[in-house]
Amino acid sequence: MTIEIKKELPALQVHLAGELDHHAAESIREAIDKQLMDKRITALYVHMPEVSFMDSAGIGVLLGRYKIMSQRHGDMYLVGVSPAADRILRMAAVYDRIASIPAEQEKRRK
Amino acid sequence: MEAANQMRLIIPSLSENEALARVTVGAFAARLNPTLEQVSDIKTAVSEAVTNAIIHGYEGSEGNITVYAAVEGRRLTVEVIDYGKGIADIAEARQPFYTSRPDLERSGMGFTVMETLMDKVTILSQKDQGTCVRMEKEILPPPSAGQEG
(Lines give C-alpha, C1' and ligand atoms only; values in the text may rest on other atoms or scores of the structure.)
Protein backbone atom coordinates (compact mmCIF):
# COMPACT_ATOMS: atom_id res chain seq x y z
CA MET A 1 0.00 0.00 0.00
CA THR A 2 1.26 3.45 -0.85
CA ILE A 3 -0.20 6.67 0.46
CA GLU A 4 0.24 10.17 -0.90
CA ILE A 5 -1.04 13.15 1.01
CA LYS A 6 -1.43 16.71 -0.21
CA LYS A 7 -2.68 19.56 1.90
CA GLU A 8 -4.71 22.04 -0.11
CA LEU A 9 -6.38 24.03 2.64
CA PRO A 10 -9.08 23.69 3.68
CA ALA A 11 -8.90 20.27 1.99
CA LEU A 12 -6.70 17.25 2.57
CA GLN A 13 -6.18 15.07 -0.50
CA VAL A 14 -5.24 11.47 0.27
CA HIS A 15 -4.36 9.05 -2.53
CA LEU A 16 -4.35 5.36 -1.62
CA ALA A 17 -2.94 2.66 -3.91
CA GLY A 18 -2.54 -1.08 -3.38
CA GLU A 19 -4.00 -3.38 -0.75
CA LEU A 20 -5.91 -1.84 2.15
CA ASP A 21 -5.92 -4.51 4.86
CA HIS A 22 -5.23 -4.61 8.60
CA HIS A 23 -1.48 -4.59 7.95
CA ALA A 24 -1.69 -1.36 5.96
CA ALA A 25 -4.38 0.20 8.15
CA GLU A 26 -2.16 1.38 10.95
CA SER A 27 0.28 3.42 8.88
CA ILE A 28 -2.55 4.97 6.84
CA ARG A 29 -4.41 5.94 10.00
CA GLU A 30 -1.27 7.49 11.48
CA ALA A 31 -0.37 9.40 8.32
CA ILE A 32 -3.85 10.90 7.90
CA ASP A 33 -4.38 11.69 11.57
CA LYS A 34 -1.06 13.49 11.73
CA GLN A 35 -2.30 15.87 9.02
CA LEU A 36 -5.73 16.18 10.61
CA MET A 37 -4.09 17.72 13.68
CA ASP A 38 -4.35 20.86 11.57
CA LYS A 39 -7.87 21.88 12.54
CA ARG A 40 -8.17 24.14 9.50
CA ILE A 41 -8.77 21.02 7.41
CA THR A 42 -12.52 20.72 6.96
CA ALA A 43 -12.71 18.52 3.86
CA LEU A 44 -11.08 15.12 3.49
CA TYR A 45 -10.88 13.55 0.03
CA VAL A 46 -9.77 9.93 -0.11
CA HIS A 47 -8.88 8.93 -3.67
CA MET A 48 -9.31 5.20 -4.22
CA PRO A 49 -9.12 4.32 -7.94
CA GLU A 50 -5.96 2.31 -7.37
CA VAL A 51 -7.08 0.32 -4.33
CA SER A 52 -6.72 -3.29 -5.53
CA PHE A 53 -7.91 -5.02 -2.36
CA MET A 54 -9.85 -3.97 0.70
CA ASP A 55 -11.29 -5.81 3.67
CA SER A 56 -13.15 -4.73 6.80
CA ALA A 57 -9.97 -3.27 8.32
CA GLY A 58 -10.17 -0.67 5.55
CA ILE A 59 -13.77 0.07 6.52
CA GLY A 60 -12.56 0.71 10.07
CA VAL A 61 -9.98 3.22 8.85
CA LEU A 62 -12.48 5.13 6.69
CA LEU A 63 -15.23 5.23 9.33
CA GLY A 64 -12.70 6.33 11.95
CA ARG A 65 -11.59 9.28 9.80
CA TYR A 66 -15.24 10.08 9.06
CA LYS A 67 -15.86 10.32 12.79
CA ILE A 68 -13.01 12.81 13.17
CA MET A 69 -14.30 14.95 10.30
CA SER A 70 -17.87 14.84 11.66
CA GLN A 71 -16.70 15.97 15.06
CA ARG A 72 -15.27 19.13 13.49
CA HIS A 73 -18.37 19.51 11.29
CA GLY A 74 -16.25 18.84 8.23
CA ASP A 75 -16.87 16.73 5.14
CA MET A 76 -15.39 13.54 3.78
CA TYR A 77 -15.56 12.14 0.25
CA LEU A 78 -14.41 8.89 -1.34
CA VAL A 79 -13.21 9.71 -4.85
CA GLY A 80 -13.15 7.34 -7.82
CA VAL A 81 -13.64 4.18 -5.77
CA SER A 82 -12.21 1.07 -7.50
CA PRO A 83 -14.52 -1.92 -8.10
CA ALA A 84 -12.48 -3.97 -5.60
CA ALA A 85 -13.15 -1.46 -2.82
CA ASP A 86 -16.69 -0.67 -3.94
CA ARG A 87 -17.94 -4.19 -3.24
CA ILE A 88 -17.01 -4.19 0.44
CA LEU A 89 -18.02 -0.54 0.93
CA ARG A 90 -21.51 -1.45 -0.26
CA MET A 91 -21.58 -4.57 1.88
CA ALA A 92 -20.83 -2.52 5.00
CA ALA A 93 -23.26 0.26 3.93
CA VAL A 94 -20.45 2.82 4.18
CA TYR A 95 -22.08 5.03 1.51
CA ASP A 96 -24.94 5.67 3.95
CA ARG A 97 -22.48 7.81 5.84
CA ILE A 98 -19.61 8.77 3.56
CA ALA A 99 -20.38 10.30 0.17
CA SER A 100 -18.62 8.95 -2.91
CA ILE A 101 -17.96 10.99 -6.03
CA PRO A 102 -16.56 9.99 -9.43
CA ALA A 103 -12.97 11.02 -10.10
CA GLU A 104 -13.91 13.47 -12.89
CA GLN A 105 -16.39 15.36 -10.75
CA GLU A 106 -13.77 16.00 -8.11
CA LYS A 107 -11.37 17.34 -10.76
CA ARG A 108 -13.91 19.89 -11.92
CA ARG A 109 -14.23 21.22 -8.39
CA LYS A 110 -10.60 22.18 -8.15
CA MET B 1 -13.13 -34.79 -12.59
CA GLU B 2 -9.83 -33.87 -10.99
CA ALA B 3 -8.67 -35.56 -7.81
CA ALA B 4 -9.27 -33.86 -4.48
CA ASN B 5 -6.43 -31.63 -3.38
CA GLN B 6 -5.41 -29.92 -0.19
CA MET B 7 -2.83 -27.52 1.24
CA ARG B 8 -1.63 -26.34 4.60
CA LEU B 9 0.19 -23.13 5.39
CA ILE B 10 1.60 -22.44 8.85
CA ILE B 11 2.56 -18.84 9.52
CA PRO B 12 3.39 -16.70 12.55
CA SER B 13 0.73 -14.19 13.54
CA LEU B 14 2.31 -11.20 11.82
CA SER B 15 0.05 -8.74 10.04
CA GLU B 16 2.27 -8.86 6.94
CA ASN B 17 1.24 -12.52 6.58
CA GLU B 18 -2.39 -11.54 5.95
CA ALA B 19 -1.51 -10.88 2.31
CA LEU B 20 0.49 -14.12 2.03
CA ALA B 21 -2.42 -16.16 3.39
CA ARG B 22 -5.08 -14.71 1.08
CA VAL B 23 -2.88 -14.82 -2.03
CA THR B 24 -1.92 -18.44 -1.32
CA VAL B 25 -5.52 -19.59 -0.93
CA GLY B 26 -6.51 -17.58 -4.00
CA ALA B 27 -3.82 -19.37 -6.02
CA PHE B 28 -4.85 -22.74 -4.59
CA ALA B 29 -8.45 -22.14 -5.69
CA ALA B 30 -7.34 -21.30 -9.24
CA ARG B 31 -7.78 -24.91 -10.42
CA LEU B 32 -11.55 -24.42 -10.03
CA ASN B 33 -11.37 -21.66 -12.68
CA PRO B 34 -13.08 -19.07 -10.49
CA THR B 35 -14.09 -15.69 -11.88
CA LEU B 36 -12.10 -12.64 -10.76
CA GLU B 37 -14.95 -11.75 -8.44
CA GLN B 38 -14.98 -15.23 -6.87
CA VAL B 39 -11.21 -15.05 -6.28
CA SER B 40 -11.66 -11.64 -4.70
CA ASP B 41 -14.44 -13.00 -2.44
CA ILE B 42 -12.23 -15.88 -1.27
CA LYS B 43 -9.23 -13.62 -0.64
CA THR B 44 -11.33 -11.13 1.32
CA ALA B 45 -12.88 -13.86 3.50
CA VAL B 46 -9.45 -15.39 4.23
CA SER B 47 -8.05 -11.95 5.06
CA GLU B 48 -10.86 -11.36 7.56
CA ALA B 49 -10.30 -14.70 9.30
CA VAL B 50 -6.51 -14.33 9.49
CA THR B 51 -6.82 -10.75 10.77
CA ASN B 52 -9.22 -11.97 13.48
CA ALA B 53 -6.73 -14.66 14.50
CA ILE B 54 -3.95 -12.07 14.83
CA ILE B 55 -5.95 -9.38 16.62
CA HIS B 56 -8.34 -11.42 18.73
CA GLY B 57 -6.87 -14.93 18.92
CA TYR B 58 -3.41 -13.75 19.89
CA GLU B 59 -4.21 -10.13 20.78
CA GLY B 60 -1.09 -9.02 18.97
CA SER B 61 1.22 -11.50 20.73
CA GLU B 62 3.01 -14.21 18.77
CA GLY B 63 1.61 -17.59 17.86
CA ASN B 64 1.07 -19.72 14.81
CA ILE B 65 -1.83 -19.67 12.42
CA THR B 66 -2.68 -22.65 10.25
CA VAL B 67 -4.43 -22.00 6.97
CA TYR B 68 -5.82 -25.21 5.53
CA ALA B 69 -7.62 -25.42 2.24
CA ALA B 70 -9.15 -28.30 0.34
CA VAL B 71 -10.85 -28.71 -3.00
CA GLU B 72 -13.27 -31.52 -3.66
CA GLY B 73 -15.33 -31.40 -6.84
CA ARG B 74 -16.40 -27.74 -7.16
CA ARG B 75 -16.27 -27.13 -3.41
CA LEU B 76 -13.55 -25.11 -1.71
CA THR B 77 -13.14 -25.47 2.05
CA VAL B 78 -10.84 -23.14 3.96
CA GLU B 79 -9.97 -23.39 7.64
CA VAL B 80 -8.14 -20.66 9.53
CA ILE B 81 -6.96 -21.99 12.88
CA ASP B 82 -5.29 -20.21 15.78
CA TYR B 83 -4.19 -21.60 19.13
CA GLY B 84 -4.96 -18.46 21.11
CA LYS B 85 -7.52 -17.30 23.62
CA GLY B 86 -10.71 -18.46 21.91
CA ILE B 87 -14.03 -16.67 21.48
CA ALA B 88 -16.11 -16.43 24.67
CA ASP B 89 -19.45 -15.84 22.96
CA ILE B 90 -19.58 -16.94 19.32
CA ALA B 91 -23.14 -15.70 18.70
CA GLU B 92 -22.14 -12.26 19.94
CA ALA B 93 -18.97 -12.23 17.80
CA ARG B 94 -21.05 -12.98 14.69
CA GLN B 95 -23.32 -9.95 15.20
CA PRO B 96 -22.78 -7.25 12.55
CA PHE B 97 -20.92 -4.24 13.98
CA TYR B 98 -20.05 -6.10 17.20
CA THR B 99 -16.40 -5.74 18.16
CA SER B 100 -14.65 -6.80 21.33
CA ARG B 101 -12.00 -4.18 20.59
CA PRO B 102 -13.59 -0.80 19.85
CA ASP B 103 -10.26 0.69 20.96
CA LEU B 104 -8.68 -0.69 17.78
CA GLU B 105 -11.17 1.01 15.47
CA ARG B 106 -12.45 -2.31 14.19
CA SER B 107 -15.60 -2.15 12.11
CA GLY B 108 -17.10 -5.29 13.62
CA MET B 109 -17.88 -6.52 10.11
CA GLY B 110 -15.42 -9.42 9.88
CA PHE B 111 -17.79 -12.37 10.31
CA THR B 112 -20.54 -10.60 8.37
CA VAL B 113 -18.16 -10.20 5.43
CA MET B 114 -17.12 -13.87 5.63
CA GLU B 115 -20.76 -14.98 5.75
CA THR B 116 -21.70 -12.76 2.83
CA LEU B 117 -18.84 -13.89 0.58
CA MET B 118 -18.79 -17.61 1.40
CA ASP B 119 -21.65 -20.14 1.30
CA LYS B 120 -21.17 -21.41 4.82
CA VAL B 121 -19.11 -20.29 7.83
CA THR B 122 -18.66 -22.51 10.88
CA ILE B 123 -16.85 -21.33 14.01
CA LEU B 124 -15.38 -23.78 16.48
CA SER B 125 -13.79 -22.20 19.53
CA GLN B 126 -12.79 -23.08 23.03
CA LYS B 127 -11.51 -20.75 25.72
CA ASP B 128 -7.69 -20.73 25.86
CA GLN B 129 -7.54 -23.52 23.25
CA GLY B 130 -8.06 -21.54 20.09
CA THR B 131 -10.46 -20.96 17.24
CA CYS B 132 -11.13 -22.63 13.93
CA VAL B 133 -13.11 -20.73 11.31
CA ARG B 134 -14.26 -23.06 8.55
CA MET B 135 -15.54 -21.50 5.35
CA GLU B 136 -17.03 -23.29 2.38
CA LYS B 137 -17.82 -22.08 -1.11
CA GLU B 138 -19.07 -23.81 -4.21
CA ILE B 139 -17.22 -22.39 -7.21
CA LEU B 140 -19.82 -22.57 -9.93
CA PRO B 141 -18.75 -21.70 -13.48
CA PRO B 142 -20.45 -18.64 -14.96
CA PRO B 143 -23.57 -19.60 -17.01
CA SER B 144 -21.92 -18.75 -20.36
CA ALA B 145 -19.10 -21.24 -19.75
CA GLY B 146 -21.58 -24.12 -19.55
CA GLN B 147 -20.90 -25.43 -23.08
CA GLU B 148 -17.16 -25.75 -22.69
CA GLY B 149 -16.90 -28.21 -19.81
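A salt bridge is a side-chain nitrogen of Lys or Arg within 4 Å of a carboxyl oxygen of Asp or Glu. One such pair joins the side chains of A:Arg87 and B:Asp41, at 2.1 Å from N to O. The model is predicted, so that local features need pLDDT of at least 70 and side-chain atom pairs count only at pLDDT 80 or more, while totals for chains, interfaces and linings use all residues. Residues are numbered from 1 along each chain as its sequence is written, chains are lettered from A and ligands numbered from 1 in the order in which they are written, and side-chain values use heavy atoms, with hydrogens and water left out.

The interface of chain B and chain A, taken as a whole, has six salt bridges. Across the interface there are also twelve residue pairs in polar contact, both residues being at pLDDT 80 or more. A polar contact is a pair of N or O atoms within 3.5 Å; within protein, one must be able to donate a hydrogen and the other to accept it, and residues adjacent in sequence count only if both atoms are side-chain atoms. On the side of chain B that touches chain A, the elements giving two or more residues are H1, helix H2 (36-57) and helix H4 (110-117) of chain B. Helices (H or I, at least four residues) and strands (E, at least two) are DSSP runs, numbered from the N terminus. H2(B) gives the most to this side, with nine residues.

The size of an interface is often given as the accessible area lost when the parts come together. Here chain B and chain A bury about 1700 Å² between them, 52% of it on carbon and sulfur atoms; this buried area is the accessible area (1.4 Å probe) that two parts lose on being put together, summed over both. In chain B, the residues that lose the most area to chain A are B:Arg22, B:Glu105 and B:Ser107, together 30% of what that side buries.

Within chain B, B:Ser13 lies in the loop between strand E1 (5-12) and helix H1 (17-28). Why does B:Ser13 count as buried? Its relative accessibility is 6%, and buried means under 20% relative accessible area, exposed over 50%, partly exposed in between (1.4 Å probe, protein chains only). The side chain of B:Ser13 reaches the backbone oxygen of B:Ser61 at 3.1 Å. Beyond its neighbours within four places in sequence, B:Ser13 is in contact (heavy atoms within 4.5 Å) with B:Ile54, B:Tyr58, B:Ser61, B:Glu62, B:Gly63 and B:Ile65.
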